[in-house]
Amino acid sequence: MLRDRLDRPVDGGNWFVHHGEDTFGDAESRWEADVPRVTPNDRFFVRNHTRPPVIDEEAWRLLVSGDGVVGDTTYSLADLKAFTSTTYERAVECTGNGRSLFDTQQGTPTPGTPWELGAIGVARWTGVPLRTVLRHAGLRGDAVQVMPVGLDAPYLEDGINHGRVRRPLPIGKALDDTIIAWEMNGEPLPPDHGFPARLVVPGWVGIASIKWLGELRVTTSVVDSPWNTRWYRMHGADWSGDHAVLDRMPPKSVVDVIGEPSVGHLTVLRGRAWSGEASIRMVEVSTDGGESWDEAHLTGPNEPSSWVEWEHPWTPTGVGPATLMTRATDSLGRVQPLEAPLNDDGYLFGAVVRRVVTVGPKVGSEVRRRTPA
């Protein structure tokens, strides 16, 4: 695979929609490029605040510090690998995934990267549970949070230095299913995805999964950062207090694959659905703009904080435009709404996605598409 000096894959396969001109700019996975259920490393979306740091794996150390542990402890990558590791398939999704749909579906444009639905990927992550490392470092019983800190350059905005990317993680989530990962799909983490080690916080907003991990500050009091107050928090007239906190991602679903629909010809609609900290209980499909709904058939693995594929047969009865819609219900009972709650930053678009297709009079061959209208 061709790579530049930062070891970044060159987009020779046209796998991405690039947002921004910087070398660390946002790159959205093109679903019409037929990304499989487990997203290959070179097709996984990229969201970086600064340029990925160049880190010497042998010299890298992870510092566990703060008054929430008995003393400072450092770990090399070899030290982490000496613990019992775990591997699971989980999604990492940008908090703003679907932001452009606030505009195209709801007529309420917001600032920020205009993601469609490609700012998500599912990978097979290998690493050590965060709780294992914290307990080894002497976790105190009165610890309330962990502040993971990245090794990327300090983030500058409008002349203000906000420091390294960091965001507090409640101790409950830290001790649950969060891992310190060093492999992605059986390979060392690529530079864009956190080499040599990163957090993976299943089901939570992507910013929680801090990349290029350098420090874990464990504290007995709540400490904030700009990444949970200034950014990555709900802002707007209807948001305040705990209601504005961003953590678990909402349920979502989309049509991935359609045929070239024609009157009287059976085509099979296919797609996927996913939800933060939950599996998918049901996906419903409407082929008439929401007038009626039918339950789709779920296929393949259906794990929490990942996605499940679904399929549904459809035989169009008339020529012209048809609006396809999908609605997911997760194992926690959450149902996709027809409209996503408005907020100033375009976060957490989880509304039913509408996709208009044109039904023709002739039978067409099946084609694969992964971009919602």
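**Exercise 1.** Where does Q336 lie, in terms of the strands β21 and β22? Describe its surroundings.

*Solution.* The model is predicted: local features need pLDDT of at least 70, side-chain atom pairs count only at pLDDT 80 or more, and totals for chains, interfaces and linings use all residues. Residues are numbered from 1 along each chain as its sequence is written, and side-chain values use heavy atoms, with hydrogens and water left out.

Step 1. Q336 is in the loop between β21 (320-330) and β22. Strands are DSSP runs of E with at least two residues, helices are runs of H or I with at least four, and both are numbered from the N terminus.

Step 2. The relative accessible area of Q336 is 4%, so Q336 is buried (buried means under 20%, exposed over 50%, partly exposed in between, with a 1.4 Å probe and protein chains only).

Step 3. Leaving out residues up to four places away in sequence, the contacts of Q336 include P251, T326 and V352 (contact: heavy atoms within 4.5 Å).

**Exercise 2.** Give the strand order of the open sheet of four strands, and identify its edges.

*Solution.* Step 1. The order is β18-β17-β21-β22, and the pairing is antiparallel. Two strands pair if DSSP finds at least two bridges between them.

Step 1. β18 (294-295) and β22 (353-359) each have a single partner strand, so one side of each lacks a neighbour in the sheet.

Step 2. β17 (residues 280-286) pairs with β18 over two bridges, and V285 stands opposite D294 in β18.

**Exercise 3.** Characterise the aromatic pair of W274 and W307, then the charge placed over W307.

*Solution.* Step 1. Rings of Phe, Tyr and Trp (its six-membered ring) pair if their centres lie within 6.5 Å; planes under 30 degrees apart count as stacked, over 60 as edge-to-face and the rest as tilted. By this rule there are 10 aromatic pairs.

Step 1. W274 and W307 are 5.7 Å apart centre to centre, with 70 degrees between the planes, and the pair is edge-to-face. It joins strand β16 (residues 267-274), which holds W274, to strand β20 (residues 307-314), which holds W307; the two residues are 33 residues apart.

Step 2. Both W274 and W307 are buried.

Step 3. The charged end of R272 sits over the W307 ring, 4.3 Å from its centre (the criterion is NZ of Lys or CZ of Arg within 6 Å of the ring centre and within 35 degrees of the ring normal).

**Exercise 4.** Which residues have a positive phi although they are not glycine, and which peptide bond is cis?

*Solution.* Step 1. Most residues other than glycine have a negative phi, and most peptide bonds are trans.

Step 1. W212, in the loop between β13 and β14, has a positive phi near 50 degrees. Its relative accessibility is 2%, so W212 counts as buried.

Step 2. L348 has a positive phi of about 55 degrees and is placed in the loop between β21 and β22. At 16% relative accessibility, L348 counts as buried.

Step 3. The F195 to P196 peptide bond is cis, with omega near 5 degrees. P196 belongs to the loop between β12 and β13.
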